[in-house]
Amino acid sequence: MGIEENRNAGQNGVFGSDSSEFQLGSKNKYKRMKSEVTEEEEEDGSFSKENRDTRKYVFACAIFASLNSVLLGYDVGVMSGAILFIQEDLKITDVQQELLVGILSIISLLGSLAGGKTSDAIGRKWTIAFAAFIFQTGAAVMAFAPSYEVLMIGRLFAGIGIGFGVMIAPVYIAEISPSVSRGSLTSFPEIFINLGILLGYISNYAFSGLPVHISWRVMLGVGIIPSVFLGFALFVIPESPRWLVTQNRIEEARIVLIKTNDSEKEVEERLAEIQLAAAGMANAENNEAKAIWREILNPSPPVRRMLITGCGIQCFQQITGIDATVYYSPTIFKNAGIKGNTQLLAATVIVGLTKTVFILVAIFLIDKVGRKPLLYVSTIGMTTCLLGLSLALAFLGNGKLGIGLAILAVCGNVAFFSVGIGPVCWVLSSEIFPLRLRAQASALGAVGSRVSSGVITMSFLSVSRAITVAGTFFVFAVISALSVAFVHTCVPETKGKSLEEIEMVFHHEGEWQGSEVEMGDAQRLMQKE
């Protein structure tokens, strides 16, 4: 792949002492001035303006890359209300209802498993596009489905598209973002999932007055709209510079890094780090897929720690019952004593609004406070709210006080989820793995998340009938308490570190549990490999 030539190019440098040039093809020539900032430039603000333009560009790329997440969120939110009308229109049983809701999460594992290899083959950008196309095909089939069987076929397509989408968006954003803002930007997919959930809840409420056989079709069909914006996004977002380096497209990677970093010095540093990381992949290129999966399935101690952290936090995100809370919030509120579909759907809008507001809080805190403090607040708060919901449903149901406490506990649960484990989970899973394993390992983590979600959502109604809704949420509270211990033991702090520095955290068990990494360790590690 010419990795050695790329390394030499990076070592020789493309920027001279005063200015330098680099070519793209034979027609276009780009020129950048030296990275040192003069006092005059600081006074007239030109350097600050360049920094602002860079931040705006990266911000826009993160937004566009996260549009797939709106589709996932919308499907989750809209199905919670649409299922009430589907059940009435198509006369489906409770088991069919569980299967319809939960199968999307289970089938999405196929997309997540294929997502890593696909993104390595065609690039991160076009994997995002492919995910949207598959999902929209499924949405269209569901909107026009004449029967339960056809509706399930649409869910299968939508699930595969979601599997691709939830795996690739955080990876792409992590690979284009500067270290200083990577946490905030990588949390964008979770923000857009929450926005999609809110839009789904609003759609349910807005179209609930239509005839039963039309309302749920309109609710599901509206989900096609975000694909229009995603089509425009493909003309704006660049390819991941890390993927471009692995394809020996060094100059294109440099152009992307110039657009996404504040200075030429930082561009060269990031490019050198990426080339060092990519160099370790060159020798095993012919057996790359087998070698990667062999390393994941038979991991070294550092990789094992990465997998425990990445896959563990993904599973805890789901087995604490967040998708059950969102999908079945009408059932929860009905159990608390709320009557009538319109009132139930209005209550879910409050939940969606709370979830969205608090995810916006998280984006401002994640790179200031750090990942681990937010996880502590989140998991402890969720445990308290889940226990409170269980007690309210068990002892105060069908009264105004019980209804009020149930709504408060559900809103509190989604608020604590959104301010911590919701976004931080995706940030961690996209930044802790080394380049050679990142796509496949992130896909594996997404599979764990989707399977956990599917198991919870496909069993919630059955388990609730067996031990009551209150008993089910007591179980979720116990699991959430265990997640606090997991965060304390297995999740390191990654705030402010480059992706290559984070890898060093997992090479020593003490550092895995939270100590700092020496700045030069990442480069020494890559040189050893």
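Colleague: What makes H9 count as mostly covered?

Modeller: In helix H9, 14 of the 20 residues are buried, where buried means under 20% relative accessible area, exposed over 50% and partly exposed in between, with a 1.4 Å probe and protein chains only. Helices are DSSP runs of H or I with at least four residues, numbered from the N terminus. This is a predicted model, in which local features need pLDDT of at least 70, side-chain atom pairs count only at pLDDT 80 or more, and totals for chains, interfaces and linings use all residues. Residues are numbered from 1 along each chain as its sequence is written, and side-chain values use heavy atoms, leaving out hydrogens and water.

Colleague: How do you know that the span of H9 agrees with its 20 residues?

Modeller: The expected span of a helix is 1.5 Å times one less than its number of residues. For H9 (residues 188-207) that gives 28 Å, and the end C-alpha atoms are 28 Å apart, so the two agree.

Colleague: Why is Ser 453 called buried?

Modeller: Ser 453 has 0% relative accessibility, so it counts as buried. Ser 453 lies in helix H23. Apart from neighbours within four places in sequence, Ser 453 is in contact with Ser 105, Gln 318 and Asp 323, contact meaning heavy atoms within 4.5 Å.

Colleague: Why is Ile 225 called partly exposed?

Modeller: Its relative accessible area is 48%, so Ile 225 is partly exposed. Ile 225 is found in the loop between helix H10 (212-221) and helix H11 (226-233).

Colleague: What makes H21 roughly parallel to H22?

Modeller: The axes of H21 (residues 400-419) and H22 (residues 421-431) cross at roughly 25 degrees and come within 4 Å. That crossing makes H21 roughly parallel to H22, because angles under 35 degrees count as roughly parallel, over 145 as roughly antiparallel, 65 to 115 as roughly perpendicular and the rest as oblique. Axes are lines fitted to C-alpha atoms, for helices over the stretch in contact, and angles run from 0 to 180 degrees between N-to-C directions.

Colleague: Which residues have the most contacts inside the largest nonpolar core?

Modeller: They are Leu 393, Phe 460 and Phe 473, in a core of 123 residues. Helix H23 (residues 435-490) gives the most to this core, with 17 residues. A nonpolar core is a set of buried Ala, Val, Leu, Ile, Met, Phe, Trp, Tyr and Cys residues joined through side-chain atoms within 4.5 Å. Not counting residues up to four places away in sequence, Phe 473 touches several residues, including Leu 393 and Phe 460.

Key:
Helix = DSSP H or I, 4+ residues; strand = E, 2+ residues; numbered from the N terminus.
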